[in-house]
Amino acid sequence: MNPVTKQQPAGGQTLYSDHRKRIALFGSTGSIGTQALEVIEANPDKFRVAILTGHSNHELLIEQALKFQPAYVVIVDQEKYLKVKDALSGTSIRVMAGEQSLEDAASLDIYDMMLAGIVGFAGLKPTLKALEGGRAIGLANKETLVVAGDIVMRKAVEKRAPVIPVDSEHSAIFQCLVGETRNRIEKIVLTASGGPFLGKKPNYLVNVKREHALQHPNWNMGAKITVDSATLMNKGLEMIEAKWLFNLRPEQIQVVVHPQSIIHSMVQFEDGSIKAQMGLPDMKLPIQYAMAFPMRIPNQFPRFDFSKSAQLAFEPPDIKTFRNMALATEALYKGGNLPCILNAANEIAVYGFLRNRIGFLDMTEVIERTMLNIPFISDPSLEEYFESDAEARNFAASIIQI
Ligand code: NAD
Ligand code: MG
């Protein structure tokens with residue numbers, strides 16, 4: 001990496017002559033997006049913002065744009081376009097609106113890395129466009145790999161575009177694999193906090209409401225992934241994400257519940273040796289690791305303190321109670337379009353649960369019925385993934401009448 005030279009112009013503003021990595025931050029108004037901006041703000045000599053995108057929170061998007069001065073912003077919700085445009089009219093920032101603009105922005109030759117922080121299936125198309133242009137991806141948006149991992153990873157290899165995980169478990173595995181290119185993985189162990197309902201049984205879960213499910217013990221995240229953590233679907237999606245990122249067979253992927261979230265995941269090699277990556281839970285760490293890879297950036301984040309006594313506990317996940325993880329495991333083993341169907345049904349089910357249309361346990365039923373209903377395709381094309389996604393959404397929505 002080239003050194004950065006700072007110049008202090010007469011106006012007082014610092015200019016960087018400029019080897020900084022240009023970041024296209026997709027989903028900048030979300031939990032990952034705002035934390036990525038904190039990392040960028042703390043490291044102005046290493047990163048600058050090229051693109052910001054948000055779905056509908058125009059106030060925050062405008063505030064971010066004025067502060068970080070990207071070349072482009074995208075507001076997906078077209079009704080907010082004029083508000084954003086007006087607010088940024090005195091600047092050189094270009095404003096685009098609508099879903100297609102995400103792909104148009106991803107195709108621009110103005111950035112080095114896309115930080116993929118959009119939630120859900122909506123992140124897939126812009127990420128594919130970024131890979132098409134050979135851009136590096138810092139991948140938080142796990143649904144992209146769940147839906148079409150084969151196509152995404154093939155494109156990344158073809159374009160020699162690195163896909164660096166941001167999801168904390170996958171970042172942990174990625175970090176454990178540094179220096180191990182010649183060594184085979186026996187298995188990986190994904191750690192799960194267990195979420196807010198660890199140890200609970202169906203007779204409790206049946207009455208759980210949105211407010212309970214949104215109280216995660218260790219992580220502060222967007223609503224969808226917080227519900228996925230409460231149902232253990234998140235871990236199921238992460239198993240599928242890991243399969244594609246690290247080219248693993250399903251049998252090589254194990255999940256263990258580790259309520260303290262200090263070990264972020266582990267790799268067991270062929271000699272039985274296990275490497276773990278540890279630290280206090282803070283998403284800014286995997287975010288900055290992905291953005292700065294292969295460098296580590298010094299920071300003042302709180303440290304895990306071994307001088308205080310602490311217990312690290314492990315137990316198997318209760319997939320009889322948290323059946324979403326069993327459904328995701330089935331999709332992992334069967335492959336084809338089944339993970340795509342699982343993901344689409346889950347997005348609808350979570351949407352329904354967050355709007356109090358269905359109960360906590362109903363989510364599993366919606367997903368299971370959708371997986372049984374939509375025709376299986378063993379080796380889908382990209383178009384077939386899109387079709388399966390749409391069919392699964394329609395079917396799941398019809399069950400819960402939204
Ligand atoms: P969030 O809900 O806080 O933010 C989502 C972002 O995506 C927002 O900027 C929103 O405007 C944008 N968005 C939502 N729907 C969109 C659409 N249809 N089109 C375009 N943009 C849209 O979510 P988050 O918690 O930041 O999670 C983002 C992704 O990162 C998810 O895939 C999640 O699984 C993954 N992830 C998050 C965390 C975390 O700590 N938050 C940890 C690991 C992985
Ligand atoms: Mg995770």
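Arg 160 is found in the loop that runs between helix H6 (143-158) and strand E9 (163-165); helices (H or I, at least four residues) and strands (E, at least two) are DSSP runs, numbered from the N terminus. The model is a predicted one, in which local features need pLDDT of at least 70 and side-chain atom pairs count only at pLDDT 80 or more, while totals for chains, interfaces and linings use all residues. Residues are numbered from 1 along each chain as its sequence is written, chains are lettered from A and ligands numbered from 1 in the order in which they are written, and side-chain values use heavy atoms, with hydrogens and water left out.

Although Arg 160 is not a glycine, its phi is positive, at about 50°. Arg 160 counts as exposed because its relative accessibility is 76%, where exposed means over 50% relative accessible area, buried under 20%, and partly exposed in between (1.4 Å probe, protein chains only). A positive phi, of about 55°, is also found at Gln 401, again not a glycine. Gln 401 lies in the segment after helix H16 (382-400) and, with a relative accessibility of 64%, counts as exposed. Most residues other than glycine have a negative phi, and most peptide bonds are trans. The peptide bond from Phe 293 to Pro 294 is cis, with omega near 10°. Pro 294 is placed in the loop between helix H12 (284-292) and helix H13 (323-334). Within helix H5 itself (residues 124-132), the buried residues include Leu 124, Pro 126, Thr 127, Leu 128, Ala 130 and Leu 131.

The protein is divided into domain 1 (5-165) and domain 2 (170-280 + 318-334), with bounds that come from an automatic or database domain assignment. The centres of the two domains, taken over C-alpha atoms, are separated by 27 Å. Across the boundary, 13 residues of domain 1 are in contact with 16 residues of domain 2, contact being defined as heavy atoms within 4.5 Å.

Oxygen atoms of ligand 1 lie 3.2 Å from a polar backbone atom of Gly 27, 2.9 Å from a polar backbone atom of Ser 31 and 2.8 Å from a backbone N or O atom of Gly 222. Taken alone, ligand 1 exposes 830 Å², and the protein buries 86% of that; accessible areas come from the Shrake-Rupley method with a 1.4 Å probe, and for residues only the protein chains shown count as cover.

Lys 235 is located in helix H11 (residues 233-246) and counts as buried because its relative accessibility is 6%. The side chain of Lys 235 reaches the backbone oxygen of Thr 191 at 2.9 Å. Beyond its neighbours within four places in sequence, Lys 235 is in contact with Glu 169, Leu 190, Thr 191, Ala 192, Val 255 and Met 325.

Glu 186, in strand E10 (residues 185-192), counts as partly exposed, at 37% relative accessibility. The side chains of Glu 186 and Gln 268 are joined by a polar contact of 2.6 Å. A polar contact is a pair of N or O atoms within 3.5 Å; within protein, one must be able to donate a hydrogen and the other to accept it, and residues adjacent in sequence count only if both atoms are side-chain atoms. Not counting residues up to four places away in sequence, Glu 186 touches Gln 252, Gln 268, Phe 269 and Glu 270. Glu 186 and Ser 273 are 87 residues apart in sequence, with a C-alpha to C-alpha separation of 9.5 Å.

Val 208 lies in the loop between helix H8 (202-205) and helix H9 (210-213) and is buried, at 3% relative accessibility. With residues up to four places away in sequence excluded, Val 208 touches Phe 197, Phe 353 and Phe 360.
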